Structures are given as C-alpha cells and as structure tokens.
Amino acid sequence: MKPFTFSKSDKISKALSGKNDTVHFLAGGTNMVDLMKKNLASPDALIDVTSVLSDKIERQDNGIRIGAVVRNSTLGKHELILSKFPLIAKSVLAGASPQIRNMASTAGNLLQRTRCPYFYDTSTPCNKRKPGTGCSAWNGNQRMSAIVGYNEQCVAVHPSDLCVALVALDATVNVMDKKLKPVRIPFDMFHRLPGNTPELDNNLPANAIITSIDIPDNSFHRHYAYVKLRDRDSYAFALVSVAAALQIEDGRIKAARLASGGVAHKPWRWHQAEQFLVGKEATTANFSAAADLVSKEVAPLAGNAFKKVMLRGAVETALQNCLTA
Ligand SMILES: Cc1cc2nc3c(=O)[nH]c(=O)nc-3n(C[C@H](O)[C@H](O)[C@H](O)COP(=O)(O)OP(=O)(O)OC[C@H]3O[C@@H](n4cnc5c(N)ncnc54)[C@H](O)[C@@H]3O)c2cc1C
Ligand code: SF4
C-alpha cells in the first residue's frame with residue numbers, strides 16, 4: 001500500500017477545500033481500505049468525514065432524511081425506519097455482516113465499487129480499473145455479471161443491497177459540491193450505466209461530498225419484501241435481489257415498486273411491471289404475469305443464463321411475500 005496522510009476534518013467546508021483527485025474521503029473505511037490494500041486506490045491523503053456529516057435519521061415535512069454517516073446497523077434498527085420505511089431495514093440488513101454494518105455508512109454504501117473479480121485482479125484487463133484495456137468478463141467468468149443495461153465495455157453489477165430499496169422508494173441524494181453549492185440527485189440518476197465511460201460508477205460531481213439521503217413518505221410500510229439470492233445465506237453479495245413494495249386497498253394494487261440488484265451496473269427499476277400491477281388484484285396470477293414482464297426485459301450473457309430464471313422466481317416470490325410482510 002502506498003503511504004498516505006490521515007486527517008480528521010471538523011468542518012464540511014474544510015473537508016471540501018482539502019479534497020482533490022488524490023485526496024479521498026473516508027467514512028467507515030470498509031471499502032476504501034480494501035481498495036487501498038489491493039492498490040486499486042492510491043490516495044496521497046485520507047480525510048475522515050465522520051465528524052462533519054450527520055449521523056441522524058430525521059423527520060422532514062414530506063419524508064425522512066438519513067445523514068450520510070448513519071451506520072448501516074443503525075439504519076437497520078431505527079424506530080422510524082422500521083415503522084415507516086421497513087423495506088430500507090430489510091435491504092440493509094441483508095448486506096455484509098453485523099461487524100461490517102457497524103462500521104459502514106449510508107453514503108459509503110452508495111459509493112462502494114463493483115465486486116467483479118477482474119476489477120480486483122490487476123493482472124487482467126479491465127476498462128473500469130484501467131480505461132481502454134478491455135473487459136475480461138466479456139469473454140470470461142460471467143456468473144456475477146449483468147443481464148440488463150450492459151455493453152461490451154463493462155458487464156459489472158452494482159453490489160449494494162440498500163441502494164435497491166432506495167431506488168424503489170424514489171430517494172434523492174443530497175450532495176454539496178466543491179464550491180459548497182447544494183445539489184440534489186434523484187436516486188435513479190445517481191448511478192450510471194457503463195456507456196463509453198465504464199470507469200465511472202456514478203454522477204457524483206468531482207470532489208463533492210454526499211451529505212444525506214431523502215426518502216419521500218409512502219404507503220408501502222404494510223406490504224413490502226426484499227429477496228436476496230446468493231451463494232451463502234450470509235456475508236455474500238447478491239446474484240440477484242428484488243425489492244418489492246405494494247400499496248393494496250380492498251384487494252387491489254394502488255401503487256407498486258419493483259427494483260433489483262445484481263442485474264445491472266446500477267440498481268434497476270422494473271417500471272413496466274410496476275405499471276402492469278397498478279389497478280390489478282393482488283393475486284398470484286398477476287404477480288406471475290409481472291414476473292414474466294421483468295423476465296422479458298433481460299438479456300443474459302452466455303455465462304449467466306441462470307440469472308434470468310432466478311430473477312423471475314425472485315420477483316414472483318417478493319411480490320407474494322408482500323402479502324405476508
Ligand atoms: C466482506 C464484505 C461484504 C460485504 N457485503 C455487502 C453486501 O452483501 N451488501 C452490500 O450492500 N454491501 C456489502 N458490503 C459493502 C459495504 O456495505 C460497504 O463497504 C460500505 O457500505 C461502505 O461504507 P463505508 O462507510 O465503509 O465507506 P468507505 O469505505 O469509507 O468509503 C467508500 C467510498 O465512499 C467515499 N465516501 C464515503 N463517504 C462519503 C461521503 N459522505 N461523500 C463522498 N464520498 C464518500 C469514499 O471516499 C470511498 O470512495 C460488504 C463489504 C465487505 C467488506
Ligand atoms: S465487467 Fe467491468 S469491472 Fe469487470 S472486467 Fe469488465 S470492465 Fe472490468
């Protein structure tokens with residue numbers, strides 16, 4: 001690991017003025033330190049931002065605000081989250097391990113890097129690690145790779161569980177840019193598809209800081225589910241995950257949210273299936289038809305055709321589980 005300096009900032013303006021391409025922020029360090037150990041990130045300096053950002057979950061007029069350094073473990077057990085936004089708790093508690101969740105922050109979870117094995121293997125070409133070198137996964141091991149929204153440049157997936165619930169619930173990311181100007185980014189626009197710049201994971205402005213996440217009020221606290229399918233029951237990233245939330249009145253679906261992780265370079269919303277469900281009865285037949293619509297949207301690679309079958313099943317199960325949440 002390259003030598004680096006470490007400082008702890010006490011003011012957001014000071015943290016931002018010290019930030020540049022070779023100076024990185026540090027929250028829980030659960031991803032950053034791993035990247036540094038593997039020489040995938042080689043900052044000259046780290047600025048610990050845990051003292052300058054909020055670690056509170058607060059009620060707003062039309063929703064809640066989650067501070068950037070709220071720990072994943074706090075998010076998973078907070079009373080307001082459990083009563084009004086339980087899908088958030090379900091998703092965040094499906095990730096990592098209790099020890100990691102005790103350190104990991106909300107903002108850090110959004111910014112964690114892909115788990116594509118070639119990204120970590122510096123002896124192989126990887127457009128995300130070294131733009132222009134090629135994508136080893138394109139003709140390589142595709143078990144964990146994307147099945148929608150990918151291209152030849154990169155088939156990696158975003159590894160977060162929390163982000164799947166955040167995109168489903170129409171969250172907004174609050175950012176402060178280098179010039180201290182506040183910027184609001186709708187969650188669906190925060191992460192990127194690979195396009196011609198697979199090295200970029202998200203649309204966070206250069207050297208900006210995430211300050212908090214807003215989630216608008218909703219009526220999904222009674223019927224929700226997070227289904228995560230993975231190689232081990234704990235401490236493993238999703239092969240496929242599904243966040244589902246329904247608002248049901250008199251047996252009919254008034255509103256629906258459906259999103260997935262492990263399928264694309266960004267947390268993915270299934271808008272077509274959501275629209276199909278609205279106005280329908282909450283029946284197994286309609287859930288099955290919605291799962292078919294999701295299934296039609298994906299185009300697996302040669303090495304991960306199983307994910308299409310897995311996803312269809314996960315969508316149907318998640319919708320069904322909404323009835324017993
Ligand atoms: C073994 C293991 C298993 C895991 N399993 C899962 C899993 O199943 N599901 C899942 O979702 N996650 C999983 N994770 C990922 C884990 O949740 C993330 O590492 C964690 O959320 C990152 O948060 P952090 O605070 O530690 O971020 P850090 O490591 O401190 O930072 C991550 C990145 O965010 C930047 N950053 C941090 N805060 C800010 C800010 N406020 N503004 C701007 N930039 C910022 C840092 O500069 C860095 O680039 C796992 C991690 C490990 C190590
Ligand atoms: S899928 Fe993306 S991260 Fe993986 S090798 Fe290809 S370019 Fe690199």
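Colleague: At what angle do helix H12 and helix H13 pack?

Modeller: Please note that this model is predicted. In general, two packed helices are described by the angle between their axes and the distance between the axes. Here H12 (residues 284–297) and H13 (residues 306–322) pack at about 145 degrees, and their axes are 9 Å apart. Their crossing is right-handed.

Colleague: Which residues of H12 and H13 make the contact?

Modeller: On H12, they include Phe287, Ala291 and Val294; on H13, Leu311, Val315 and Leu319 are among them. The residues of this contact comprise seven nonpolar, four polar and three charged ones.

Colleague: How many residues surround ligand 1?

Modeller: Ligand 1 is surrounded by 32 residues, and the closest are Ala27, Gly28, Gly95, Ser105 and Gly108. Helix H7 gives the largest share of this shell, four residues. By kind, the shell holds 18 nonpolar, twelve polar and two charged residues.

Colleague: What is the phi of Asn39, and where does Asn39 lie?

Modeller: Most residues other than glycine have a negative phi. Asn39, although not a glycine, has a positive phi of about 60 degrees. Asn39 lies in the loop between H2 and strand E3.

Colleague: Why does Asn39 count as exposed?

Modeller: Asn39 counts as exposed because it has 10 C-beta neighbours inside 10 Å, and the cut-off for exposed is 12 or fewer.

Colleague: Where is Tyr235?

Modeller: Tyr235 is in the loop between strand E9 and strand E10. Its phi is also positive, near 60 degrees. With 13 other C-beta atoms within 10 Å, Tyr235 is partly exposed.

Terms used. Residues numbered from 1 in each chain as written. Chains lettered and ligands numbered in written order. Predicted model: local features only at pLDDT ≥ 70, side-chain atom pairs only at ≥ 80, totals over all residues. Axes fitted to C-alpha atoms, helices over the stretch in contact; angles between N-to-C directions. Helix = DSSP H or I, 4+ residues; strand = E, 2+ residues; numbered from the N terminus. Left-handed = near helix turned anticlockwise from the far one by under 90°. Contact = placed C-beta atoms within 7 Å. Nonpolar A, V, L, I, M, F, W, Y, C, P; charged D, E, K, R; others polar. Near = placed C-beta within 6 Å. Buried ≥ 20, exposed ≤ 12 C-beta atoms within 10 Å, placed from the backbone.
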